[in-house]
Amino acid sequence: MSVLLKDGSIVLTGDCGVEEAETLIGLIQGNPGALVDVGEAGAVHTALWQVLMALAPKVTGEPRDPFIRRWIAPALGMAADGTAT
Amino acid sequence: MDELLAQFIVEARELVQAAIDDLFVLEREPDNAGRLDSAFRAVHTLKGSTGLFDMAALQSALHRAEDSLGRARSGTAPLDPSQVDAIVAILEWVDTCVDDMERLGAVGQALLSQAAQLEADLRADSDEADTQPELAVRSIGWALALAEQVDTAPALALRYRPHPECFFNGDDPLALVARIPALVHLSVSPRQPWPEADGFDPYRSNLVFEALSDAPLADVEAIFRLVPDQVEIVPLGAAPGPDFDVPTVVPSDTTRSLRVDSARIDALLDAVGELMTTKNGLGGLIAVAAALPDGAELAREIAATQKDLDRLTGSLYGAVLQTRMVPLSQAFRRLPRMVHDLSRRLGKPTDLVIEGDAIEADKAIVDDMFEPLLHLVRNAMDHGIENPAERFAAGKPATSRLQLQAMRQGDQMLVRLSDDGRGINPEAIRRAAIDRGIVTEDQAAQLDDADAIDLLFAAGFSTAATLSDISGRGVGLDAVRSAILRVGGTVELASRPGIGTTMTMRLPVSFAMTQLMVVSVAGERYGVPMQSVSEAVRVKRDAITPIRDNRAFVLRNRTVPLLSLSSLLGFEEGTLSPDELTVLVLAVQDERIGIAVDGISERLEIITRPLGGLLTGVKGISGTTVLGDGRVLLVLDAAGLIQ
């Protein structure tokens, strides 16, 4: 649904479409060191995952989608339990 | 059928074939300007002639193909393999459309609706051409390296490089990847190193997905069907799943290069056959004339006329057979497409080398040979040839070689299919044959290696540990052998473990047609060549005179010795008709001999073949033929019997 800055973290909530990739970049670049929380995210477009891979911010939260948890989370430097490493 | 349409159908098929042949060469030699010109011309002509029949869908798809070839020809956009594939797909689709037109007079709606996708595939490919030259390299090394990432043996490897602009088309690559069933490995990496943060464009995809899965190929292909140009899927040959997509090649039953409807030739051949039967009737007339008082002169003249007729019908028959001769390339030409397709589906890169396809043989033999040959090729690809990993391990080149050679030998031809695969282990065949109850252990132990390998042709034999749909389930080489036997040929197999397997088919180049009279004796049926039968008569038992150990009867004032077929063949003499005997009067050299049989059934015009195997050298039998119902009929050699 949206990409927002909440309490110093960047939070992905619900489904995030391709057009939100730009917002995500802006927030990451504007808040160096901020955690990106994907624990509340639903279906997230490839473009956003690509942003996380390219800019490599710290990512936290346990993704709800088991596919993402199993195969993508490790590529983002996340532990399986969702804590940032 | 409208004559213009009939002409179009013949031409369209030739043009499709010619263009595909050219494209396959271009795939390997992209710089072959001659082939490029020739493919362009064929597609151009084909497009032009579809215009005559108001077939907008065909015309538009061909126009697209012509465009791509034209661009390649002018040097502005070279052809890459995926474009070649897309053009071949269009041409094969046109071929199917032509089949529909021939069969139904129009192209089916379902088929027509495929046009848009085919065109789209080609368009996507051309857009792709300059940005992704690396796709042109069809190496499978990456797939083998990827497979080493896991301990199991996955069914397939997949590499998906989404197009950089794909987000604009609404693609969500990760969503596609997430749909791959039975995923056992996935890695995501950047296509190009990630740029500095400020140079990073979030709307260009820069990802490569590499995955291993145990799912059936067809299921995975279905997921990526809209992005076929961005994905490479390599079956690793471990375990083809139940839904393994079998490429079907429909055996062609139409002769394509004969401009005369082959039914007309067949009618002509039938007429020649009847002419020969009628001509045989002269034999009886000679006998009648000879029996007349002072008839000797007349009999001689009839005999002389018969001789002339013999010569003329013989040469007429030969001439008709000649019109039925077609080059073997008619049976061979679909094979490169099939091997090309199979080698990709099985993940076994294979070069098919064809030699001697200009040799000619009777159309029926060439047609009938196609299906068994297809089966042998599938067999070789599926079972004989190893997958690249196995080949590497055995120190062989990754690309295997399948060689198809034809040679003429007298009135026969040899068609030989050799692969450089793993060969056949005779010991494994012996064990399997015992397991399947085809032979006992003692019998198996006595077989030499060649005979053991020959067990593969036994009914119900299949050695592959996993049956696959490529070469069928259980109906294997026995079907091949019986198909070859039906046209009067033989098929043999030779193999060297680790080196390869060779299948040799020996086939007649043309048919020897024989008129047979079918007789029965002791419950069995035999064929007697009509040319040795002068007539059939009924003889009353009391009209038979014993002469020493023999018997005779009188026919038109001449004494004719009488033999019984049962005793000649070593049966008890039958007592079916106690009062009357059915007797065939055979003219052997100048002698007339009566042969008593139990009954006479039909006359046949059939193809006989010389004896082979156990029956070689059996006296009194000249050959065998397979009847329509599959039974074998022994053909008697009258002269041999009587001596």
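The chat below goes through the two chains, their contact and the confidence of the model.

Reader: What kind of model is this, and how are things numbered?
Author: This is a predicted model, in which local features need pLDDT of at least 70 and side-chain atom pairs count only at pLDDT 80 or more, while totals for chains, interfaces and linings use all residues. Residues are numbered from 1 along each chain as its sequence is written, and chains are lettered from A and ligands numbered from 1 in the order in which they are written.

Reader: Which scores does the model get?
Author: The model scores ipTM 0.91 and pTM 0.45.

Reader: OK, chain A. In what order do its elements run from the N terminus?
Author: The order is β-β-α-β-α-β-α, with three helices and four strands in the chain; helices (H or I, at least four residues) and strands (E, at least two) are DSSP runs, numbered from the N terminus.

Reader: And what is the strand order of the sheet?
Author: In chain A the four strands form an open sheet with the order 1-2-3-4 and mixed pairing, where two strands pair if DSSP finds at least two bridges between them. Strand 1 (2-6) and strand 4 (59-60) of chain A are the edge strands, each pairing on one side only.

Reader: How many bridges join strand 3 to strand 4 in chain A?
Author: Two bridges join strand 3 (residues 36-44) of chain A to strand 4 of chain A, and these strands run parallel. Asp37(A) has Thr60(A), in strand 4 of chain A, as its bridge partner.

Reader: Which strands does helix 1 of chain A touch?
Author: Helix 1 of chain A packs on the sheet and touches strand 1 and strand 2 (9-16) of chain A, its direction making about 15 degrees with that of strand 1 of chain A. Contact here puts the C-beta atoms of two residues, placed from the backbone, within 7 Å, and the angles run from 0 to 180 degrees between N-to-C directions, with axes fitted to C-alpha atoms, for helices over the stretch in contact.

Reader: Now the interface. How many residues does each chain give?
Author: Chain A gives 17 residues and chain B gives 15 residues. On the side of chain A that touches chain B, helix 2 of chain A provides the largest share, seven residues.

Reader: Switching to chain B, why is Leu58(B) called buried?
Author: Leu58(B) is buried because 26 other C-beta atoms lie within 10 Å; the classes are buried at 20 or more other C-beta atoms within 10 Å of the residue's own, exposed at 12 or fewer, and partly exposed in between, with C-beta atoms placed from the backbone. Leu58(B) sits in helix 3 (residues 56-74) of chain B and, not counting residues up to four places away in sequence, touches Thr50(B), Val94(B) and Cys97(B). The C-alpha atoms of Leu58(B) and Val94(B) are separated by 6.7 Å, although these residues are 36 residues apart along the chain.

Reader: Where is the pLDDT of chain B below 50?
Author: One such stretch is residues 128-138 of chain B, which has ten contacts in the model beyond near neighbours in sequence. pLDDT, the predictor's confidence in each residue from 0 to 100, has a mean of 80 in chain B, where 84% of the residues reach 70 or more. Where pLDDT is low, the predicted coordinates should not be read in detail.
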